[in-house]
Amino acid sequence: MINVTVFNRSSALCGFSCKGHSGYAESGSDIVCAGVTSAVGLCVCMLTDVLGLSPDITVNEKTAEVRCILNERDAVRGEEMLKAFKLHISSLAEDYSEYISLREEKLNSYERKGNFNA
């Protein structure tokens, strides 16, 4: 199961976490994993290379997790892309509900979620 969490702060989207493997098919043939991976890559590329923002991006290959969180200033400029990301993941989760879960979590202030050194 791929677990996607979209983070918001003061009702504005500010980042996401994507963790796990879908298990839809074998590696190299998994269209669910490919769709989510593509959405994550496009979102990060848009935020960093196109909009010039500096999100806190962490990757843990051991747990197959990618986390991207914008600071409060950058979240204003990046929110539209995060809305599009959430909409796309929501559509994938509807079509592949056995393989993708989507939830939203509130952040109280700028904070990194979790510890990737574990």
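In the predicted model, Ile89 is in contact with Val4, Val36, Ala39, Ile100 and Leu102, when its neighbours within four places in sequence are left aside. Ile89 belongs to helix 2, which comprises residues 72-95, and its relative accessible area of 0% places it among the buried residues. Val40, which stands 49 residues from Ile89 along the sequence, has its C-alpha atom 9.3 Å from that of Ile89.

The helix that carries Ile89 is one of 2 helices in the chain, which also contains 5 strands. Read from the N terminus, these elements follow one another in the order β-β-α-β-β-α-β. The radius of gyration of the chain is 14 Å, close to the 13 Å that the globule rule gives for 118 residues, and the chain is therefore as compact as a globular protein of that length. Of the 118 residues in the chain, 40% are buried. Where contacts join residues at least 6 apart in sequence, 65% of them link residues at least 24 apart.

Strand 5, formed by residues 100-106, includes Glu104, a residue that counts as partly exposed at 39% relative accessibility. Apart from residues up to four places away in sequence, Glu104 touches Val6, Asn8, Leu13 and Lys86. The C-alpha atoms of Glu104 and Val4 are 8.5 Å apart in space, although the two residues are separated by 100 residues in sequence.

Asn3, located in strand 1, is likewise assigned to the partly exposed class, with a relative accessibility of 37%. Its contacts, again not counting residues up to four places away in sequence, are with Ser17, Cys18, Lys19 and Ser101. The C-alpha atom of Asn3 is separated by 22 Å from that of Asn71, a residue 68 positions away along the chain.

Most residues other than glycine have a negative phi. Ser11, by contrast, has a positive phi near 70°; this residue lies in the loop that connects strand 1 (2-9) with strand 2 (12-19) and counts as exposed, with a relative accessibility of 69%. A positive phi, near 55°, is also found for Ala64, which is not a glycine either, and Ala64 is placed in the loop between strand 3 (56-60) and strand 4 (65-69).

The cysteines were considered next. A search of the whole structure finds 0 disulfides. For Cys18, the closest cysteine sulfur is that of Cys33, and the distance of 8.1 Å between the two sulfurs is too far for a bond. Cys18, which is among the residues touched by Asn3, counts as buried at 8% relative accessibility. Cys68 is likewise in no disulfide, the nearest cysteine sulfur being that of Cys43 at 5.9 Å, whereas a disulfide requires a pair of cysteine sulfur atoms within 2.5 Å. Cys68 is also buried, with a relative accessible area of 0%.

The charged side chains comprise 12 positive and 16 negative ones, and a separation of 8 Å is found between the centres of the two sets.

Conventions
Residues are numbered from 1 along each chain as its sequence is written. This is a predicted model: local features need pLDDT of at least 70, side-chain atom pairs count only at pLDDT 80 or more; totals for chains, interfaces and linings use all residues. Side-chain values use heavy atoms; hydrogens and water are left out. Helices (H or I, at least four residues) and strands (E, at least two) are DSSP runs, numbered from the N terminus. The radius of gyration is taken over C-alpha atoms; the globule rule is 2.2 Å times the number of residues to the power 0.38. Buried means under 20% relative accessible area, exposed over 50%, partly exposed in between (1.4 Å probe, protein chains only). Contact means heavy atoms within 4.5 Å. Lys and Arg count as positive and Asp and Glu as negative; His and the chain ends are not counted. The place of a charge is taken as NZ of Lys, CZ of Arg, CG of Asp or CD of Glu.
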